[in-house]
Amino acid sequence: MTGSFVMLCLMWTNALLPARKYYHASMLLRLKIAEEVTKLLELKAQLGEKNGEAPSKLLLKTPKGTRDYGPEQMALRLTVLDKIIAVFKKHGAETIDTPIFERKEVLTGKYGEDSKLIYDLKDQGGEILSLRYDLTVPFARYLAMGKISSIKRYHIAKVYRRDNPSTTRGRYREFYQCDFDIAGQYDPMIPDAECIRIISEALQSLDVGPYTIRLNHRLLLDGIFAACGVPSNKFRAVCSAIDKLDKNSWSEVKKEIIEEKGLDESSTDKIGIYVSRFGGIELISELRKDSELMKYESATKGLESMELLYKYCNILQVTDKVTFDLSLARGLDYYTGVIFEAILIGDDVGVGSVAGGGRYDNLVGMFDSKHKSIPCVGLSLGVERIFNVLETKLNKEGVKTRTTEVEVFVATAQKNLHEERMKLLSILWDAGVKAEQSYKRNVKLLAQLQYCEESGIPLAIIIGEGELARGEVTLRDVVSRTEISIPRAHLIEEIRKRL
């Protein structure tokens, strides 16, 4: 009996073992999940604390260095772009587009110290990619890929820079560039002078106020650096520091050259004397009298190019807009010849440069398997900075920008005539007239006319039972508030006369 009872207990225990094992495993899994959830909640709380907010709160703001554009800003923005494109087209340019990101190796090493400002993307498809920093390097890659030896193109698109933004000065991390470039083997300085003329035309068309276009030459800068005792391997580094003179004082730039670029104080002081000089064509003659500078071939070639450029600028009637400025450096590594930059004179916004560019003859060759070089010169208009200037100007003058292009508003004088409005709208749209109506079936006539005045719509068509009976409409000039009756058959003709 006792043995049978023991056997029964052993059998019962063995039967329970799988259930107990499952129970323990289940408990361990639950404990592990609870532990991981606790860790995630702690991490989420820490991230919330770092951002200075409660973990559950959504902070509604645009990313640093970006902005939203409302209807008024976009209307002004599109007007600016239309005027710029009109200038580009006048000079025979065609347009292209390229991806907003490039393979990282395409961009690397093309911008000098600015390369650290490139946005890298997380690898998700076997390619290491970066957002484009400008439109020039993608253009050079496009030329090399397509084996294109000559083109005159413009390109308007967004670029991205991991920079310290200053939105009041039109300096963003995401912004539009408006580029115009001439690629091909041509005689010296003819395309370069046209680029300077294009900048001048664009700024005059946009009515941004008085401006000057600063000119310099990379070969001349190299000659100056050599004459000042700068080692050739530090030319580009020093050039990058000099490029900051439009934002920083000479004492700040000097400190950077000595402490960060490793140049001695004597050489730096010599550079300071040169970069303080500016003027007109007479500066070329003065520099030619500098016997130490004239020992260097790059300096003599740079001055010869500048003399020819001044000659062509005079022919193109832009000499009064240009200044020969030895402090202009433009830090991007790919420039090889003339460089230029437009700045507003006495502007209250303090945006700095509003256009810039130069010659880059070796950039395409970096992408070509046979290192075939295609000479290029181009310009870029700082549309964001220009937009800031114009927006500030309009705000000061109290000018309201129209956000639509509606030419005619179709209104009704009595109830239940919305279908008649819609019939007339269809006729207007078929004729290419920009027109709209109220989306309410019955709305007071006064409210409709007030909407026209507030929106700046020039004409209003009024339909009433009397007009329908006579086969006419009443055409109202919104500004003067004068009205005339017009047969429906002559309506389109009359509208076009008044627009």
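Predicted model: local features only at pLDDT ≥ 70, side-chain atom pairs only at ≥ 80, totals over all residues.

A460 stands opposite R476 in strand β15. That pair belongs to the contact between β14, residues 459–463, and β15, residues 472–477. The two strands run antiparallel and are joined by four bridges.

Where do β14 and β15 sit in their sheet? The sheet is open and has five strands, in the order β13-β12-β14-β15-β16, with mixed pairing. At the edges are β13, 435–436, and β16, 483–487. Each of those has a single partner strand, so one side of each is left without a neighbour in the sheet. Helix α13, residues 418–430, packs on this sheet and touches β12, β13, β14 and β15. The direction of α13 makes about 160° with that of β12, which covers 408–412.

Now the domains. The assignment for the protein chain gives domain 1 as 71–396 and domain 2 as 408–498. Taken over C-alpha atoms, the centres of domain 1 and domain 2 are 52 Å apart.

Next, strand β8, residues 322–325. Which way do its side chains point? V322 and F324 point one way, T323 and D325 the other, and all are buried. β8 runs parallel to β6, residues 211–217, and three bridges join the two strands. In that pairing L215 stands opposite F324. β8 also pairs with β7, residues 278–279, this time in the antiparallel sense and over two bridges. There F278 has D325 as its bridge partner. As background, strands of a sheet pair through backbone hydrogen bonds, either parallel or antiparallel.

F324 comes up again in the packing. The largest nonpolar core has 96 residues, and F324 and F340 touch the most other members. Helix α5, residues 190–206, supplies the largest share of this core, eight residues. There is also a second, separate core of 16 residues, with L428, I461, L475 and L491 among them.

Last, a helix pair. Two packed helices are described by the angle between their axes and the distance between the axes. For α6, residues 218–227, and α11, residues 297–315, the axes come within 7 Å and cross at roughly 145°. The crossing of α6 past α11 is left-handed. Which residues meet there? From α6 they are L219, L220, D222 and G223, and from α11 they are S298, A299, K301, G302 and L303.

That is what I have.

Methods:
Residues numbered from 1 in each chain as written. Heavy atoms only, no water. Core = buried A, V, L, I, M, F, W, Y, C linked by side-chain atoms within 4.5 Å. Buried < 20%, exposed > 50% of the residue type's maximum accessible area, 1.4 Å probe, protein only. Pairing = 2+ DSSP bridges. Contact = heavy atoms within 4.5 Å. Axes fitted to C-alpha atoms, helices over the stretch in contact; angles between N-to-C directions. Domains from an automatic or database assignment. Left-handed = near helix turned anticlockwise from the far one by under 90°.
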